[in-house]
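Please look over the sequence and the model below.

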Amino acid sequence: MTITTRSIAEHESEWIYSTFLTKQLNLSCLNDYIHQIPHVPLIVELYIFLCGYAFNPTMVPLWLGLVNVLTRTELSHKAVAKFSGTAINEQWGKLLLTIDSSKRGHVNMTFYLATVLVTLIFTELGKASFATTRPKIPTTGYTTIINADDDDNNNPIKWKRRFGSLVASLKSKHSFPSGDSSQAMNLCLFFLIYVPTTSTSATMIHLGSHAIPMRDVALFSLFLPGVVVARVFYLCHWIEDCIGGVSLSLLIHWLIIPILRENIVDLARSLNLI
């Protein structure tokens, strides 16, 4: 047997998976290739697992705490904040500096929580609207012997996902768009735009007139792709779901988060924090 979540014909029977992009990039075959990978070394799977589990609901307090701590420490009076080079980042950083040092972390944490909830709402609305089918987990679970029925194969291969049950826990019914990919992009964008850093010039990457902290470069180049790969590797999603999730988060940050930001500022002013 092989790990067959769905045939390509079945997969592409849902219109969202039979678009021009899907066919041009041959995403159906790429989905199948990733799903069929028997296993990877433990150290590699640990990285994939950490990315894949990062936005399990139980991890939300960790991210909130991190935003709180980084905002307070990076904008302390003892350090000069460095901004990402975008006008919004600098404007937001200077606004946070006008807030009492014991409260600015809570303001930014509240803002991040609001972006998480907005992203979750739109993701779930998308899932309910498209009602697409997730990849199917083998009936034998996350450890399966493949090619066992092949008479010419004297060395059956073990297909396994060591942390599959953990990564797949608490997932919703439908597939498109990927909520974890949406939240991963939301986190990356939030850190880039709304969490200034005290990084020195040596730890900043300069792109023309923009200076991007290596922290944010690592998030976009290592963490975000890791989340996308993990969601497909653990049979939670198709690649198209992850593309949709990332695109949705970009759209939310373009159209909705600026309005949300102004409401957070108004709330802070009403509470005499600014």
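R215 has a relative accessible area of 22%, and because buried means under 20%, R215 counts as partly exposed. In this predicted model, R215 forms a salt bridge with D216, with 2.9 Å between the closest N and O atoms. D216, at 1% relative accessibility, is buried.

The whole structure holds four salt bridges. Another of them joins R162 and E45, N to O at 2.6 Å. These two residues are 117 apart in the chain: R162 sits in the loop between strand 2 (157-160) and helix 8 (164-167), while E45 belongs to helix 4. R162 is partly exposed at 34%, whereas E45 is buried at 0%. A further bridge pairs R261 with E262 at 3.6 Å, N to O. Here the arginine, R261, is buried at 11%, and E262 is partly exposed at 39%.

Nonpolar side chains tend to be buried together in soluble globular proteins. The largest nonpolar core here has 40 residues, and F55, W92, F111, Y112 and F223 touch the most other members. Several helices each supply at least two residues, among them helix 5 (60-74), helix 7 (104-130) and helix 10 (214-233). Helix 9 contributes the most, ten residues.

Aromatic pairs number 15 across the structure. One cluster connects W92, F111, Y112, F190 and Y194 through ring pairs. Elsewhere, R161 lies over the face of F233, 3.8 Å from the ring centre.

L42 is part of helix 4 (residues 42-53) and is partly exposed, at 44% relative accessible area.

Notes: Residues numbered from 1 in each chain as written. Predicted model: local features only at pLDDT ≥ 70, side-chain atom pairs only at ≥ 80, totals over all residues. Heavy atoms only, no water. Helix = DSSP H or I, 4+ residues; strand = E, 2+ residues; numbered from the N terminus. Buried < 20%, exposed > 50% of the residue type's maximum accessible area, 1.4 Å probe, protein only. Phe/Tyr/Trp six-rings, centres within 6.5 Å; stacked < 30°, edge-to-face > 60°. Lys NZ or Arg CZ within 6 Å of the ring centre and 35° of its normal. Core = buried A, V, L, I, M, F, W, Y, C linked by side-chain atoms within 4.5 Å. Salt bridge = Lys/Arg side-chain N within 4 Å of Asp/Glu carboxyl O.
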